[in-house]
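Hi,

Here is the structure I promised to pass on. Have a look at it first, and then read my notes below.

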Amino acid sequence: MTTASHDTVRALEWRDGGLYLLDQRRLPAEVAYRFCPEAGDVAEAITDMVVRGAPAIGVAAAYGAALAASAAWQRHGSGWYAGMAEDMAALRRSRPTAVNLAWALERMQARAAALPADADPGPSLLEEAQAIHEADVAANRRMGRYGAGLIQPCSGVLTHCNTGSLATGGLGTALGVIRTAWAEGRVARVFADETRPWLQGSRLTAWELAADGIPVEVLADGAAAALMATGEVGWAVVGADRIAANGDVANKIGTYAVALAARAHGVGLMVVAPTSTIDPAASSGEDIPIEARDGREVLELGGRRIAPAGEGVGAWNPVFDVTPAGLVDAIVTEQGVAHRPDADGIARLLEARG
Ligand code: MRU
């Protein structure tokens, strides 16, 4: 059996002048890295879900921008800034919902804009990408501490999707809180929704937790409400792909159903995300673009068709949904916690970010 932990699993690694990405589509059966020597490879890997999870795709895109700049310098010399535009656009298009990606690219673009035309921009942009990566690792640790402090000793926790080392640069967001709370003796049982259709819960979250020696019980997404009705769960702890200025939260499809059931059964809903996941330009969830992926992801399982073939059978496959702020009990960021988040609470977090 493969063993790993958040200290040894790296979803992304910069080596040999390029980005190595752990191919998450092949986990848990196989631990294989894909080498991305060019920005276009990174963009393709993000679209194809080789790397996924909002903070991780932001970090990957930042390294992609560094690759774009180096290549543009080699091809265009002092015209490198204009020369990297096409690669930057491809990175920007690679996935639409997680705002961390656009946030990281804007930061890379700003650094690039401040560089001289007559020198190789590669080293400075690599330094910027590494700073984004390191800040994510540090943010994970802070969120872990803030979030764990909200969990009563001996609680059951439910999580959805994968928000761990595979989805970030470090410990994870929601899974970082669960790991920290487990280490502090606050968590009695961890439940992970399987998370159809990509199975991030059963394939990735269970893999990470097992590697850390944290017992996990996987359930079908449709079982979450019944689980919460038993009273075994104190908190549902989830991540986010984009948080609007009013506190609405876009996250993996199924989060909204978890939130509704949590509220109905007196279970707290904790959203854990770095402030780079907040999009002040989205005034509410209605402004958040929701990615729709190929219907085959729903109609097939493991590459085999499970729905009847034929013209009358289609699919509806949005891969994120929006949970209204009113259903969220706490948003935990590296800048602190917004309880019962609203526009003022989100504004305070953004102000603290600076
Ligand atoms: O489609 P994915 O696997 O990229 O979706 C991931 C999620 O929805 C996560 O919950 C979110 O990105 C937070 S990861 C720390």
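Helix H1 (residues 39–47) packs against helix H2 (residues 54–76) with the axes 8 Å apart and an angle of about 160° between them. That makes H1 roughly antiparallel to H2 (angles under 35 degrees count as roughly parallel, over 145 as roughly antiparallel, 65 to 115 as roughly perpendicular and the rest as oblique). The axes here are lines fitted to C-alpha atoms, for helices over the stretch in contact, and angles run from 0 to 180 degrees between N-to-C directions. Helices (H or I, at least four residues) and strands (E, at least two) are DSSP runs, numbered from the N terminus.

Before you go further: this is a predicted model, where local features need pLDDT of at least 70 and side-chain atom pairs count only at pLDDT 80 or more, while totals for chains, interfaces and linings use all residues. Residues are numbered from 1 along each chain as its sequence is written, and side-chain values use heavy atoms, with hydrogens and water left out.

H1 passes H2 in a left-handed crossing (left-handed if the near helix is turned anticlockwise from the far one by less than a right angle, right-handed if clockwise). On the H1 side the contact uses Ala-39, Val-42 and Ile-46, and on the H2 side Ile-57, Ala-60, Ala-61, Gly-64, Leu-67 and Ala-68; contact means heavy atoms within 4.5 Å. By class, that gives eight nonpolar residues, one polar and no charged (Ala, Val, Leu, Ile, Met, Phe, Trp, Tyr, Cys and Pro count as nonpolar, Asp, Glu, Lys and Arg as charged, and the others, Gly among them, as polar).

The other helix pair is H6 (residues 122–148) with H7 (residues 174–183): their axes come within 8 Å and cross at roughly 60°. That makes H6 oblique to H7, and the crossing is right-handed. Met-143, Gly-144, Arg-145, Gly-147 and Ala-148 of H6 meet Gly-176, Val-177, Thr-180 and Ala-181 of H7. Sorted by class, the residues of this contact are four nonpolar, four polar and one charged.

Now the rings. The count comes to three aromatic pairs (rings of Phe, Tyr and Trp, the last by its six-membered ring, pair if their centres lie within 6.5 Å; planes under 30 degrees apart count as stacked, over 60 as edge-to-face and the rest as tilted). One of them is Tyr-20 with Phe-35, a tilted pair at 4.6 Å centre to centre with 35° between the planes. Tyr-20 sits in strand S2 (residues 18–22) and Phe-35 in strand S3 (residues 33–36), so the pair ties together parts that are 15 residues apart in sequence. Tyr-20 is buried at 16% relative accessibility, and Phe-35 is partly exposed at 33% (buried means under 20% relative accessible area, exposed over 50%, partly exposed in between, with a 1.4 Å probe and protein chains only).

Most residues other than glycine have a negative phi, and most peptide bonds are trans. A cis bond joins Leu-27 and Pro-28, with omega about 5°, and Pro-28 lies in the loop between S2 and S3. Asp-16 has a positive phi of about 55° and is exposed at 57% relative accessibility. Thr-195 also has a positive phi, near 70°, but is buried, with a relative accessible area of 0%.

Cheers
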